Amino acid sequence: MKSDFSTPAAPLRGLGGPLRSSEPVRAAPAPSAAVVLLEEAADLLVVHLDFGAALQTCERALPSLANLDAGTSLEVKCSLCIVGIQALAEMNRWREVLSWVLQYYQVPEKLPPKVLELCVLLYSKMQEPGAVLEVVSAWLQDPDNQDLPEYRALAELHLQRVLLPLGCLSEAEELVVGSAGFSEEQRLDVLQAISKARQQQKHQCLGSEKAQKLNQEGSFSHKFLSLLMLLRRLWDSTVSHFFSLPFKKSLLAALILCLLVVRFDPASPSSLPFLCKLSQLFHRIQEAIFSLYRLPIHD
């Protein structure tokens, strides 16, 4: 069966309107080097799982964005950064993400919302939300960013993933009250969550102070008991050493003590009864103490 060529083909429509058969067909413009490298980096990341090569491809493509128009350049740059962030995270180099991105945008206020959102999600997942605290705060305070449609979502993400986990309740309250991106119902919900978090923080501080006080008291009691035990051992050692001396030496030491303290004269005849009674009393004391410590008595 023959094909019917009697019906003329419909005219091709290109950028210059309907084309005639005598006019050459205009070829589509070749993609720029940055776009080609973006596709290559995405292929290395997703298909080949070669994260190092994907990151290097992004770093080669980012300096070549000057040849694109402004709108396309911003879009391609954002996509390259997203691929680079994912590559760094896959290589467990997530701590380098923020500094790596900022070297291409210089200031936090110029970060695209998608890139900033990815950074917040990454650092909060790795339990390091404090790393993005200043960056996100600076971005949210910029007047140009407050008119963006993504502002509200980023503000909520900053509250839930950064401010509240870090206990920055005053900053969270200022953001909610001063931001026009929240509705009245959302503002009330967030303020209630902040109030609840503040009460929990207060209870935790009181519990921590109480535990610290108990630890200090326990430490003081332990040190005091240790000191008493040390003094008792010293006293026991001194008494044991003193009463291990011969009886005559001990009596002589007592007489010398009497001479020094009460000015007692042992040569006086009236002192003889007192000396006998002192000798008997001292001997009884020695026997009682020796029986207590079970030490042998030396005559």
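1. The chain contains 11 helices and two strands. The model is predicted, and the points that follow should be read with that in mind.

2. In sequence order the elements run β-β-α-α-α-α-α-α-α-α-α-α-α.

3. Of the 299 residues in the chain, 29% are buried. The chain exposes about 20800 Å², and carbon and sulfur atoms account for 59% of that area.

4. How much of the contact set joins residues at least 24 apart? Taking contacts between residues at least 6 apart in sequence, the share that joins residues at least 24 apart is 56%.

5. One helix pair can be described in detail. Two packed helices are described by the angle between their axes and the distance between the axes. For helix α5 (residues 113-125) and helix α6 (residues 133-141), the axes come within 11 Å and cross at roughly 150 degrees. Because angles over 145 degrees count as roughly antiparallel, α5 is roughly antiparallel to α6. The crossing of these helices, α5 and α6, is left-handed.

6. Which residues of α5 and α6 make the contact? On the α5 side they are P113, L116 and V120; on the α6 side they are V135, V136 and W139. Sorted by class, the contact of α5 with α6 has six nonpolar residues, with no polar and no charged residues.

Terms used:
Residues are numbered from 1 along each chain as its sequence is written. This is a predicted model: local features need pLDDT of at least 70, side-chain atom pairs count only at pLDDT 80 or more; totals for chains, interfaces and linings use all residues. Side-chain values use heavy atoms; hydrogens and water are left out. Helices (H or I, at least four residues) and strands (E, at least two) are DSSP runs, numbered from the N terminus. Buried means under 20% relative accessible area, exposed over 50%, partly exposed in between (1.4 Å probe, protein chains only). Contact means heavy atoms within 4.5 Å. Accessible areas come from the Shrake-Rupley method with a 1.4 Å probe; for residues, only the protein chains shown count as cover. Axes are lines fitted to C-alpha atoms, for helices over the stretch in contact, and angles run from 0 to 180 degrees between N-to-C directions. Angles under 35 degrees count as roughly parallel, over 145 as roughly antiparallel, 65 to 115 as roughly perpendicular and the rest as oblique. A crossing is left-handed if the near helix is turned anticlockwise from the far one by less than a right angle, and right-handed if clockwise. Ala, Val, Leu, Ile, Met, Phe, Trp, Tyr, Cys and Pro count as nonpolar, Asp, Glu, Lys and Arg as charged, and the others, Gly among them, as polar.
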